[in-house]
Amino acid sequence: MYKQELSKDCVDFINDANITDLIKNTKEDTGQVKEIIAKSLDKKPLTVAETAALIAADSEESTELLFETARQLKQDVYGNRIVIFAPLYIGNKCINDCTYCAFRKSLRTTVRKTLAPAELVEQVTALEDAGHKRLILVFGEHPDYTPEYMAETVRQTYAIKHGNGEIRRVNINAAPLNYDGFKIMKEAGIGTYQVFQESYHHDTYAKVHPPSTHKGNYLYRQDSLTRAWESGCDDVGIGALFGLYDWRFEVLGMVTHSRYLADRFNCGPHTISFPRIRPAHGVELDEQYLVNDRDFKRLVAILRLAVPYTGMILTARETPEIRREVMEFGVSQIDAGTRIELAGYTKDGEQELNKEQFEIGDTRPMDEIIMELISNKYIPSFCTSCYRQGRTGEQFMEFAVPGFIQNFCTPNAMFTLAEYLEDYASAPTKDAGYKLILDEVAHMPNEKDRISAVTHLDEIRKAGKRDIYL
Ligand code: SAM
Ligand code: SF4
């Protein structure tokens, strides 16, 4: 095992006893809930205690108010874009032994594979042919997957072009790195580096990650995105795996983490993920803490209110029905056309669980998901502008500055959707997509912006121009 570095003044910012006390001793108080909701509508991040107050407000009446507020925030403040991405599993070898994961080292029946260079080309080409522009590369933790290797994979991915297809943003979900590792990843031009804490609760963490393994070091993982930031990766994603421990604890853990990063770097995490644990090959799920649908919806709405500037990612672990419902509460990114089997994007047929990390809930093809979003008046966006314009970290959070969405996000969403419609969409999706775009243009408040949008859309449709962004 290599030496695990910690950041200079690294502290463990999670105090289990305090969080447990907050959960136990905070009671529903409808007056306070209304005050907190007003604060959220004002886009002010909530404190951990305020988040606990929302968690405690479990009555039907408060829950309805919470859902309504999350919907309103989504609609009024963040607009109707949904950013589309796809995960690409590069390798599933792993030296860790996480009890919930089909890639854990002690599970001999999992088929191990790392994409060969030619397979990487095939997979990325298939993703480009489906219309993707943003990928997240996923790795197990293994001595083969060094930072140099991962960085090289990122560079190769950017270099693969097919027709009008290209990947314009590569995010990473992989093991925590030391300072040098994060620097190497930054130099390769990554977007977000995601590390999920899995469980913020220390005893649970130790139970599911054997302490003898690399991942067994709770603090090294908790500190990882601080190291990432200090190495120049100012775009980081946090997350917890829901179902390992009490969801209320994990929500408060994530809010604590978010506030820690915000206090330290003047900017919180770029994204927050809230995967629910899924059935997986060779995994026996402990059902005690599995999160039911009602609680899941509540936790998503609570997170939306608690971290107003942070992008929220909802993955294909969830079924189409749940995705539809939960999206309303302020989700900003979803994956589409997802396959998580190694080399799965060039394969038809059922999921083969002994080759996958877990079973996914939404296996619909990309075009079907795009069509559904459009029918529900969301603008699917393939925009990668901010990161390429250097609008990251302190200068940029998904929803930061007033006017930002109007000036950048909505036009860029329309331009990238138009590219998708021209190059990849089925005829009905193309038809519905352009209707939505025209409707959006008609509602742009500023005439100059309207004219500029129409000009750019014409360049895409009539002159075949691509990659227009503001
Ligand atoms: N190996 C790296 C690590 O552990 O950080 C990369 C992460 S793993 C390939 C991606 C994420 O999948 C994990 O962080 C975990 O939260 C999630 N995951 C693992 N097993 C899962 C399961 N059975 N159901 C849902 N999500 C799971
Ligand atoms: Fe390995 Fe990550 Fe799976 Fe744990 S969650 S076994 S570290 S791939």
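The chat below covers the ligands and then the cysteines.

Student: Is this predicted, or what is it?
Tutor: This is a predicted model.

Student: OK. How many residues surround ligand 1, and which are the closest?
Tutor: Ligand 1 has 21 residues around it. Y100, E198, K215, R221 and R278 are the closest.

Student: How does that shell divide into nonpolar, polar and charged?
Tutor: The shell of ligand 1 has 11 nonpolar residues, three polar and seven charged.

Student: What does the side chain of K215 do with ligand 1, in Å?
Tutor: A side-chain N or O atom of K215 is 2.7 Å from an oxygen atom of ligand 1. Q357 also has a side-chain N or O atom by a ligand 1 oxygen, at 3.4 Å.

Student: How much of ligand 1 does the protein bury?
Tutor: 96% of the 560 Å² that ligand 1 exposes when taken alone.

Student: And where is ligand 1 in terms of cavities?
Tutor: The space it takes is the largest cavity.

Student: Which residues surround ligand 2?
Tutor: C94, N96, C98, Y100, C101, F103, R104, G140, K215 and Q357. Five of the shell residues are nonpolar, three are polar and two are charged.

Student: Switching to cysteines. How many disulfides are there in the whole structure?
Tutor: Zero, from a search of the whole structure. Take C10, which is in no disulfide. The nearest cysteine sulfur belongs to C233, 18 Å away.

Student: What about C383, buried or exposed?
Tutor: Buried, because its relative accessibility is 14% and the cut-off for buried is under 20%.

How values were computed:
Residues are numbered from 1 along each chain as its sequence is written. Chains are lettered from A and ligands numbered from 1 in the order in which they are written. This is a predicted model: local features need pLDDT of at least 70, side-chain atom pairs count only at pLDDT 80 or more; totals for chains, interfaces and linings use all residues. Side-chain values use heavy atoms; hydrogens and water are left out. A disulfide is a pair of cysteine sulfur atoms within 2.5 Å. Buried means under 20% relative accessible area, exposed over 50%, partly exposed in between (1.4 Å probe, protein chains only). A residue is near a molecule or strand if one of its heavy atoms lies within 4 Å of it. A polar contact is a pair of N or O atoms within 3.5 Å; within protein, one must be able to donate a hydrogen and the other to accept it, and residues adjacent in sequence count only if both atoms are side-chain atoms. Accessible areas come from the Shrake-Rupley method with a 1.4 Å probe; for residues, only the protein chains shown count as cover. On a 1 Å grid over the protein atoms alone, a cavity is a set of points where a 1.4 Å probe fits but cannot get out, and a pocket is an open set with protein on both sides within 12 Å along at least five of seven lines; lining residues have an atom within 4 Å of a point. A molecule sits in a cavity or pocket if more than half of its atoms lie within 2 Å of its grid points. Ala, Val, Leu, Ile, Met, Phe, Trp, Tyr, Cys and Pro count as nonpolar, Asp, Glu, Lys and Arg as charged, and the others, Gly among them, as polar.
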